[in-house]
Amino acid sequence: MARAGVLLSIGAVALVSGSLATGWWLGQRNAPRSSGAEASAQRQIALLQERLASGTASSGDQQQLLQLLLASGNQGEATLVLERLADQEPERWQVRLLLAELRRNNNNRSGAERELRQILNLQPDRIEALQLLTVLQLEQGRGSEAQTQLKALMERYSKPSPKPQVLPIGLLLADLQQQQGQQQQAVATYSKLAGDFPRDPRPLLALALLKQEQGDTKGAQETMAQARSRQPENKDPRLDRVAANWGMASLESSKEPSPKASTKPAQAAPTP
């Protein structure tokens, strides 16, 4: 995609805790290996595959085999192991998420979506699956469908009052709106989330990032200051890192506006 979004990119600064379960294997796959280490890994793979074929492989054996296969770039065999693990332990959504990412990497988008739908059938608010599904839909020109899906989920979890699930889903929706050039809609979504979750700095942090991206440095500084005022006693280091990256000296602790000067009352920090 042409522009990295707030939630779907590393610029998210952990707006939603956790990440796609696939990062670990990408690192393993790309790590340099000596010829000796490679030969040892191949021997281990052969041994574990024998156990798998004979039906004596434990869950731990299968996970070790999976890691070795991915590290060696053997995605075809890794997919077979993941399919077995997903069927054996359907409650482990992380396995099916990894399988979905692997299918996507192999350009099997329909297969990837099928795996994600299975996760969401059991846990409609599983944000990691929603993130990857949104990416898939964007890649296929189905951004409007993705928006409809996320809005329906937000409505579902907003009755009779907004539940915690609304926040990460709403942040994902706003990022999707940015991806589709709907800047004003994204601002409205962030603002609504900020109002619905007055103790959480994340909607304001996301809004500050959007303003900075648009070149509105002053607006970004003001919004960041509002985000920081929401946790006067327990400072979130993520806000400090963002401010430092932007060179916002005015956001240093010694120059923060007092709670009385803030447009919003100071409140306790959100529970992670």
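This is a predicted model: local features need pLDDT of at least 70, side-chain atom pairs count only at pLDDT 80 or more; totals for chains, interfaces and linings use all residues.

Q: Okay. Which residues in α7 are buried?
A: The buried ones are Ile-127, Glu-128, Ala-129, Leu-130, Gln-131, Leu-132, Leu-133, Thr-134, Val-135, Leu-136, Gln-137 and Leu-138. That is twelve of the 13 residues in α7, so the helix is mostly covered.

Q: What comes just after α7?
A: Gly-141 sits there, with a positive phi of about 70°.

Q: Let's switch to α5. How many of its residues are buried?
A: Eleven of the 13 residues in α5 are buried. Among them are Trp-93, Val-95 and Ala-100. Some charged residues are on the list too, including Arg-96, Glu-101, Arg-103 and Arg-104.

Q: What span should α5 have?
A: At 1.5 Å a residue, its 13 residues should span 18 Å. The end C-alpha atoms of α5 are 18 Å apart, so the two agree.

Q: Which residue with a positive phi follows α5?
A: That is Asn-107, with a phi near 65°.

Q: New topic: Arg-114. Where is it found?
A: Arg-114 is in helix α6.

Q: Why is Arg-114 called partly exposed?
A: Because its relative accessible area is 45%. That value lies between the 20% and 50% cut-offs.

Q: How far apart are the C-alpha atoms of Arg-114 and Leu-133?
A: They are separated by 9.7 Å. Along the chain, the two residues are 19 residues apart. Leu-133 is one of the buried residues of α7.

Q: Last one. At what angle do α9 and α11 pack?
A: The angle is about 10°, and their axes are 11 Å apart. That makes α9 roughly parallel to α11, because angles under 35 degrees count that way.

Q: Which residues meet there?
A: From α9, Leu-167, Leu-171 and Gln-178 take part. From α11, they meet Arg-202, Pro-203, Ala-206, Leu-210 and Glu-213. By type, the contact has five nonpolar residues, one polar and two charged.

Key. Residues are numbered from 1 along each chain as its sequence is written. Side-chain values use heavy atoms; hydrogens and water are left out. Buried means under 20% relative accessible area, exposed over 50%, partly exposed in between (1.4 Å probe, protein chains only). Helices (H or I, at least four residues) and strands (E, at least two) are DSSP runs, numbered from the N terminus. Axes are lines fitted to C-alpha atoms, for helices over the stretch in contact, and angles run from 0 to 180 degrees between N-to-C directions. Angles under 35 degrees count as roughly parallel, over 145 as roughly antiparallel, 65 to 115 as roughly perpendicular and the rest as oblique. Contact means heavy atoms within 4.5 Å. The expected span of a helix is 1.5 Å times one less than its number of residues.
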